[in-house]
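Please read them with the structure open beside you.

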Amino acid sequence: MPPEKHVFRAGDSSGRGELRQQGGKTVFRAGGTKGEKRDKKPAAPPREDAPRATQPRPSAPPRPVKQKKAVPPRLETPAKAAASPSWPARRRRKNRTPLIVLGSLLALLLVCLAGWALDVPGRLAALTVPGGASSPGEVKEGQDWPAMVGDRLVSEKPEKVVSLSPMVTEALLSLPGHEALCAVTEYCDARSTGLATVGTPLLPRTGDIIALAPDYVLCQTPLAGPVQTELEQAGVEVIQLDTPADLAGLREFYGQLGALLGGNETGRALGYGVIDRLESTLAAYNAALPDKASALLLPDLTGLAATADTAEWTLLGQVFRHPLPDATGWLAGAGCLTDEDPDNDLDEIRAADPDVLLVADTVSPEDLAAALGDLRAVQNGAVVYVDLRLTETLSPRLVFAIADAAALAYPEFSAAS
């Protein structure tokens, strides 16, 4: 066991005090009060240079003393002073203030977004149609104007319209008010002969269009960016219409063009009426035919034939059936008929051997007999020559060619007039 250590504090008298154990040591704690201990400390001697520091420099003038604005002392009640946080606590609370504000703003933003997402009717009502047109809600029931055509709100009947689509041209020429049509493409129907031509659907001549100063340019294929920009900068509005894929789409197509020429109520009803009459005629055939005859539509003699999934077959399919129902996207590719190549693409047409042939009127009877003279339709005279532009544009006038073909396929059924 190590010997005990006795520790005495300097200046303490051993006669006054006591010994205590502290940390394995024996410590002598001197007695006496704190006042007595302070009295024992000698006073610090005065510094000799103290008076010298207070004397001003003789060379430099004394600086003016800036008077500070007296601030009244802040009085606080004892309770408030006790509740006031310390400086570190106040600083921590101050640092948290931006985070609290940011959190509140984020919460408010989430609430607003949730309300916007749920308010679907309100959002739809506030939307505007591309191209600067107003909401479709502005079209009032029972009134002709304004009328919605494609993605545009037409405020009044246009004076001049340019068509860049053969299908649009065919529809306009079938409706009252078609006098507004002032220019067409080089591919449009022969009935439009005499109107100005402005190029093709894909390569229109914008200078010629702008010179005509039309109210609207109608198309189905989107125009190239520079063409669209040039027309819009000249103040010519472009309306693009969707290409119909069936009779319901064709009815809406005619309804919109009717609305353009005659207003939302009057003109749209006239457009619907054209297709309604076509559908009723085809429905009469359909109801009277227990078994449909087969038919093929040939645009030329290269081996192509419209299949049941093409737009050209949309109207024919109401009266006839396709001899190859599984064929899609037109039969066989193009391959010219030559004497040196007897095994040509017409073999699929020979294998189909339809009851009726609808052939483009650009094919002569002599060429047809030389190429497909072994078909039953050719041998029986069940061939109808058709202006293919009627099928490509799904023209209501195609019903007359269908009626002629039906009269050949169904002699017992009277053809529609």
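This is a predicted model: local features need pLDDT of at least 70, side-chain atom pairs count only at pLDDT 80 or more; totals for chains, interfaces and linings use all residues.

1. The axes of α6 (residues 166–173) and α9 (residues 247–288) come within 10 Å of each other and cross at roughly 60 degrees, which makes α6 oblique to α9.

2. The contact between these two helices is formed by Met167, Val168, Glu170, Ala171 and Leu172 on the α6 side, which meet Phe253, Tyr254, Leu257 and Leu261 of α9. Sorted by class, the residues in this contact are eight nonpolar and one charged, with no polar residues.

3. Threonine 393 lies in the loop between α14 (388–392) and α15 (398–409), and it is buried, with a relative accessible area of 6%. Leaving aside residues up to four places away in sequence, Threonine 393 touches Pro166, Met167 and Glu170; Met167 and Glu170 are also among the α6 residues that meet α9.

4. Helix α12 (residues 365–372) has Leu368, Ala371 and Leu372 as its buried residues. Viewed down the axis of α12, these buried residues fall within an arc of 75 degrees, and therefore they line one face of the helix. Glu366 and Ala370, on the other side of α12, are exposed.

5. What do the buried residues of α12 pack against? Their partners are the strands β11 (295–298), β12 (356–360) and β13 (383–386), together with the helices α11 (347–352) and α13 (376–380).

Definitions and conventions. Residues are numbered from 1 along each chain as its sequence is written. Side-chain values use heavy atoms; hydrogens and water are left out. Axes are lines fitted to C-alpha atoms, for helices over the stretch in contact, and angles run from 0 to 180 degrees between N-to-C directions. Helices (H or I, at least four residues) and strands (E, at least two) are DSSP runs, numbered from the N terminus. Angles under 35 degrees count as roughly parallel, over 145 as roughly antiparallel, 65 to 115 as roughly perpendicular and the rest as oblique. Contact means heavy atoms within 4.5 Å. Ala, Val, Leu, Ile, Met, Phe, Trp, Tyr, Cys and Pro count as nonpolar, Asp, Glu, Lys and Arg as charged, and the others, Gly among them, as polar. Buried means under 20% relative accessible area, exposed over 50%, partly exposed in between (1.4 Å probe, protein chains only). The arc is that of the directions from the helix axis to the C-beta atoms.
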